[in-house]
4 protein chains.
Amino acid sequence: MPSTRRYTLTISCPDRAGIIAAVSGFIAKHGGFIVEASYHTEQDAQRFFMRQEIRADSLPFDADEFRRRFSPLAQDFGMAWQLSDSDLKKRLVILVSKQDHCLDDLLHRWRSGELQVEIPCVISNHEDLRSFVEWHGIPYHFVDMQDKTAAFERIAALFEQHQGDSMVLARFMQILPPMLCQRFSGRIINIHHSFLPSFVGAKPYHQAYQRGVKLIGATCHYVTDELDAGPIIEQDTVRIDHGDTVDDLVRYGRDIEKTVLSRGLRYHVEDRVLVCGNKTIVFR
Amino acid sequence: MPSTRRYTLTISCPDRAGIIAAVSGFIAKHGGFIVEASYHTEQDAQRFFMRQEIRADSLPFDADEFRRRFSPLAQDFGMAWQLSDSDLKKRLVILVSKQDHCLDDLLHRWRSGELQVEIPCVISNHEDLRSFVEWHGIPYHFVDMQDKTAAFERIAALFEQHQGDSMVLARFMQILPPMLCQRFSGRIINIHHSFLPSFVGAKPYHQAYQRGVKLIGATCHYVTDELDAGPIIEQDTVRIDHGDTVDDLVRYGRDIEKTVLSRGLRYHVEDRVLVCGNKTIVFR
Amino acid sequence: MPSTRRYTLTISCPDRAGIIAAVSGFIAKHGGFIVEASYHTEQDAQRFFMRQEIRADSLPFDADEFRRRFSPLAQDFGMAWQLSDSDLKKRLVILVSKQDHCLDDLLHRWRSGELQVEIPCVISNHEDLRSFVEWHGIPYHFVDMQDKTAAFERIAALFEQHQGDSMVLARFMQILPPMLCQRFSGRIINIHHSFLPSFVGAKPYHQAYQRGVKLIGATCHYVTDELDAGPIIEQDTVRIDHGDTVDDLVRYGRDIEKTVLSRGLRYHVEDRVLVCGNKTIVFR
Amino acid sequence: MPSTRRYTLTISCPDRAGIIAAVSGFIAKHGGFIVEASYHTEQDAQRFFMRQEIRADSLPFDADEFRRRFSPLAQDFGMAWQLSDSDLKKRLVILVSKQDHCLDDLLHRWRSGELQVEIPCVISNHEDLRSFVEWHGIPYHFVDMQDKTAAFERIAALFEQHQGDSMVLARFMQILPPMLCQRFSGRIINIHHSFLPSFVGAKPYHQAYQRGVKLIGATCHYVTDELDAGPIIEQDTVRIDHGDTVDDLVRYGRDIEKTVLSRGLRYHVEDRVLVCGNKTIVFR
């Protein structure tokens, strides 16, 4: 929980000497106080990634002015970059089906102030969770999945209408059409209930049970048009044994899904995740 | 480290009421003192599995007499069973290539008395580790892999000549021919350097690096003729991040390979692993 | 989630040969089908512990008749024992203060059917969580802590009035008086936010931060009159690093507190925890 | 395994704006290529810590010239700092008693090239491990502990004679006198077989067993004159259960001791550990 306003600068550019010096020189020149700084070079791609958190009150200008002044330097280095402002909370639209463990977890983190976001609405293909969501004062939209094309258009419309920044599939159990995946590329986050790339697709706990693995896992990833194959943000595993039934796996799995999704989402919301090809850099 | 001699009785049979009562009744009738008892029913297969450790000195007869007397009861229940004697140490033949981290780990556990086995010989397709193995007083056999068929026949011959109970592929890096897998079914243990079923086959750390997973793992399993697809005995994972190169993954991996192989091998050696189809029951 | 009614028999008695045979013989004689069986001998105390789950429909009589018939055998072996019926759910009274992460977690597990208990009421020394609890249809009792003696008498009275089986201190933040600890010995479960025995008492996360430990933990234990010193049911740890502030520790801690409390509580509710002196046997 | 020569610059100084800019500016001015960069502000102490790895071949001068030129800047900021050269391997003197699991682990990492250090000698109060150490071509010094004062003077003398940089207590089982702790402050690393601050002093596994904890741990720390109370470098834990005897704890413990010591030592050797009061910053 940051107590003071911060700007977060994230940068990706071709690797070369002097990038850190140029950027930190720019910040220092204006008296900027760096609270957190992270760097990474992706060797194969020859690309450099960095993230800086700067105390807003240490700078003599606002975010827009920062962007204007930083722009020439960014151009010199061929940077893809953005500056975000901790006072402007990201807007997460959450999609659920009937299972509510991830939703419950996210809403608790939101109402306790741990997850610093806006949740403009929850969308579901079932009515089951309406009362729980509305108790939080959050609008709940039911979308009928009978006509899938219409349903996904309605979802896209709701997302835009609510000015969503990111879409969270909190066990939504529906495969998004490529149209949506491409349109909101890098903005849709899914929790898959297996340790990818193992057990892609449906019923991963049954698959894990059949294979006789000794640990099961969960994966939080960006959604792309290839099913369960997008850039991985976070994963974890938990030990099981021969005595565990599929129901037990499902139960253990729920706990790990919650943890992995909430961690991955936190990284995403705090601009800690930078994508490079089909991989992520996560500045924890 | 068991301080007293024990008999370990392992049983697999069709599930029905009264099995525990019959077996524990038989043991109690002869004054047998059960030190450890484990049970499991595999629901899909409708099979019952059990393992009992009995203090040898609590019984009025030896292992052979136990087997004779227990035989009728076993037949009544259609049991597949065996009784092993802690005084007769299992004989492990270890196969290695050039990498010695698993070998070093196993030999240390053996010479410290933690791993209660005989190691009649080590077999390798390289000469590199001869001096280290021979320092332990263990014979070292070099096998030339130029002619694979001859090589594997030589390996089988050495294994039998040394009266091996089990063969341990401690990063042997060679694919065993089906002939060997079938001939010594349930007796060959491999350590694979990935969290199976992810990243089967060659260079799993490179595969993991390419896919951008956030944990890597290792798997100890029985070898069958399908590559890396045999019953899994033990697995574990370790966290990595975007800063880790393939070399780092290899380094983290070595530690987890050692741990997973030594744990799996311990379970196997202590008759804690029972196989059911392509899955294992591990009575830890 | 057990789909069928089960009786759970838990036993503790002096160790000797023949206990398993006697108990499983008794069950088998009546056609009882054992679903799960666990045994343990506590060497120092020379005591034997066992737990059996039996399918209720496999027995020709009900729980009371089971108790009557089993009684003589139990007496012969000097057993402390009990038989519980999965159809009679345990009644948990939950005590909270202002922090609601454990409460939220438990109520979610309860309403999803994962935690098979009754929750007759929630008691708190603050009004903050009333609306959330009452949304679940659970009575919420505010108890003023100004007069501590009166407050704890009121808590005891509420607990008995609601026929509570166990009391769960879900971050209650008040030290229970010895009177209460003794009166409900073995029935009060606490979650302490450190890896005991490290960091007993107040502000354990601050203590951990000051000491510079590299992992923090949580402990679920039975409450006794010595602060944070009762029998431990479950513990876990999570990695932190130098970059984490006390606030970060608190945040990581919440997740581990939830996990550890819910696991410990599950073991307790399913009669998997047997106490031996100041230690627990947990038949997972 | 760094393939190219690197200089590692570590800095600690009072926190203020502009430090990163000044340092990275200095490096950039000379064309220095930063391979890895880490920063941390210790809030309570108001101190800033940083570590930079620079490719040696990217600079137009050697380490001594770097030190000369960097010195004025360092003085301006009141820095405590050092520059190390990856071509000059640190010299570790290892002290052992009879238990050899940590020694075996370290020597294996050393001979495989994973641990990039010199090991000029091993010192022990027993003769047991001489043959194993000498097989590696490393001198082995026996020191008689009858006369403790003389023994520790001999150890100090051997350490200096062999130009040791750091002393590693790899389960040495002897308490070092304050004289030694102070004389080689920050240069002596111990592995303690508990999760400190729990179970300080002798027989921690017995203490853990008595307390009935559900996980045990190990701690790698710098040695100070207060027993087991120095700055912690690395820790880890492993799950145990009621079925585990003290011997089992010792066995599990060995594995975790090895892992924790080797990780901590690696951080130390690569100049990743900076000390702040009684805490460490570890730039992994």
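Which domains does the domain assignment give for chain A? The close-ups below, taken from a predicted model, begin with that question.

**View 1. The two domains of chain A.** The assignment divides chain A into domain 1 (6-85) and domain 2 (90-282). Taken over C-alpha atoms, their centres are 31 Å apart. Where the domains touch, 10 residues of domain 1 of chain A are in contact with six residues of domain 2 of chain A. On the domain 1 side, β1 (6-14), β2 (34-42) and β3 (47-55) of chain A each provide at least two residues. That side of domain 1 of chain A comprises two nonpolar, five polar and three charged residues.

**View 2. Helix α2 of chain B.** Helix α2 of chain B covers residues 63-76, and these 14 residues should span 20 Å at 1.5 Å a residue. Look along the helix for B:Phe70, where α2(B) bends by about 40°; the proline B:Pro72 follows within four residues.

**View 3. Inside the nonpolar core.** The largest nonpolar core has 284 residues. Those with the most contacts inside this core are A:Ala170, B:Ala170, C:Ala170 and D:Ala170. Take B:Ala170 as your guide: leaving aside neighbours within four places in sequence, its contacts include B:Ile94, B:Val96, B:Leu106 and B:Leu261. As background, nonpolar side chains in soluble globular proteins tend to be buried together.

**View 4. Where chain B meets chain A.** Chain B and chain A each bring 24 residues to this contact. On the chain B side, β11 (232-239) and β13 (279-282) each supply at least two residues. The chain B side is made up of eight nonpolar, 11 polar and five charged residues.

**View 5. The loop between β9 and α7 of chain A.** This loop, between β9 (188-192) and α7 (204-211), holds A:Pro197. The peptide bond from A:Leu196 to A:Pro197 is cis, with omega near 10°. A:Phe199 lies in this loop too, and its phi is positive, near 60°, though the residue is not a glycine. Is A:Phe199 buried or exposed? With 25 other C-beta atoms within 10 Å, A:Phe199 is buried, because 20 or more are needed. Both features deserve a second look, because most residues other than glycine have a negative phi, and most peptide bonds are trans.

Note on methods: Residues are numbered from 1 along each chain as its sequence is written. Chains are lettered from A and ligands numbered from 1 in the order in which they are written. This is a predicted model: local features need pLDDT of at least 70, side-chain atom pairs count only at pLDDT 80 or more; totals for chains, interfaces and linings use all residues. The expected span of a helix is 1.5 Å times one less than its number of residues. The bend at a residue is the angle between axes fitted to the seven residues ending there and the seven starting there. A nonpolar core is a set of buried Ala, Val, Leu, Ile, Met, Phe, Trp, Tyr and Cys residues joined through C-beta atoms within 7 Å. A residue is buried if 20 or more other C-beta atoms lie within 10 Å of its own, exposed if 12 or fewer, and partly exposed in between; C-beta atoms are placed from the backbone. Two residues are in contact if their C-beta atoms, placed from the backbone, lie within 7 Å. Ala, Val, Leu, Ile, Met, Phe, Trp, Tyr, Cys and Pro count as nonpolar, Asp, Glu, Lys and Arg as charged, and the others, Gly among them, as polar. Domain bounds come from an automatic or database domain assignment.
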